[in-house]
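Trainee: Could we examine one part of this model closely, namely the packing of its helices and the core beside them? I would appreciate a connected account.

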Amino acid sequence: MEGINEFINKGKTEMTEHVAKLQKDLSTIRTGRASAQLLENVRVDYYGTPTPIKQMALINVLDAKTLEIQPWDISSLNEIDKALQKADLGASPVNDGKVIRITLPSMTEDRRKMLAKNISKMSEDFKVAVRNSRRDILEKVKKAQKAGEVTEDDLKRYEADVQKATDANIAQIDKLVAEKEAEIMKV
């Protein structure tokens with residue numbers, strides 16, 4: 001039974017990790033305000049190695065619409081510029097030879113709606129991942145019960161416990177998505 005408890009705890013941790021991944025992914029979505037997190041997933045080809053931009057440059061938020069990227073190594077400026085253009089941030093980077101500035105345009109209503117729709121789809125993918133974790137846990141517990149390792153009462157208790165964790169993680173996903181959608185739709 002100790003093995004079952006470990007497996008269930010591992011599954012619950014996996015569910016929580018899905019929620020944390022969603023939270024991280026949501027933080028990189030533009031909401032109309034400049035944020036260094038917008039560049040979180042940008043990788044720069046630095047001497048043949050894809051390197052996160054935040055490891056190569058200082059990222060400053062100058063105002064609500066402007067980001068400034070100041071590379072530690074000035075020779076990497078052009079590579080950073082290329083990576084930013086590939087990232088499709090909805091704004092063109094301006095390279096002045098020392099720093100790169102990105103001025104984010106105001107988002108249109110259509111763009112806001114499209115982002116909200118994408119976020120909704122993303123949340124469904126993460127909910128499916130949480131439910132898949134639940135399914136995997138319950139299959140293992142049912143096999144253990146058929147093998148005589150778990151009693152019928154323990155099976156019911158485990159199922160209720162796993163369902164409670166699933167519901168809590170899905171509620172957290174819904175909360176994160178609602179907050180992000182509200183942030184995006186705010187003019």
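Mentor: In this predicted model, helices H3 and H4 are roughly antiparallel to each other, because their axes cross at roughly 170°, and an angle over 145 degrees counts as roughly antiparallel. The two axes come within 10 Å. Sorted by class, the contact of H3 with H4 comprises 16 nonpolar, six polar and twelve charged residues.

The largest nonpolar core has 26 residues, and the members that touch the most others are Ile4, Ile8, Leu22, Leu26, Val141 and Ile173. At least two residues of this core come from each of helix H1 (2-27), helix H3 (109-146) and helix H4 (152-185). H4 makes the greatest contribution to this core, nine residues. Apart from neighbours within four places in sequence, Val141 is in contact with Ile4, Ile8, Leu155 and Tyr158.

Tyr46 counts as partly exposed, with 27% relative accessibility, whereas Tyr47, with a relative accessible area of 68%, is exposed.

Note on methods. Residues are numbered from 1 along each chain as its sequence is written. This is a predicted model: local features need pLDDT of at least 70, side-chain atom pairs count only at pLDDT 80 or more; totals for chains, interfaces and linings use all residues. Side-chain values use heavy atoms; hydrogens and water are left out. A nonpolar core is a set of buried Ala, Val, Leu, Ile, Met, Phe, Trp, Tyr and Cys residues joined through side-chain atoms within 4.5 Å. Buried means under 20% relative accessible area, exposed over 50%, partly exposed in between (1.4 Å probe, protein chains only). Helices (H or I, at least four residues) and strands (E, at least two) are DSSP runs, numbered from the N terminus. Contact means heavy atoms within 4.5 Å. Axes are lines fitted to C-alpha atoms, for helices over the stretch in contact, and angles run from 0 to 180 degrees between N-to-C directions. Angles under 35 degrees count as roughly parallel, over 145 as roughly antiparallel, 65 to 115 as roughly perpendicular and the rest as oblique. Ala, Val, Leu, Ile, Met, Phe, Trp, Tyr, Cys and Pro count as nonpolar, Asp, Glu, Lys and Arg as charged, and the others, Gly among them, as polar.
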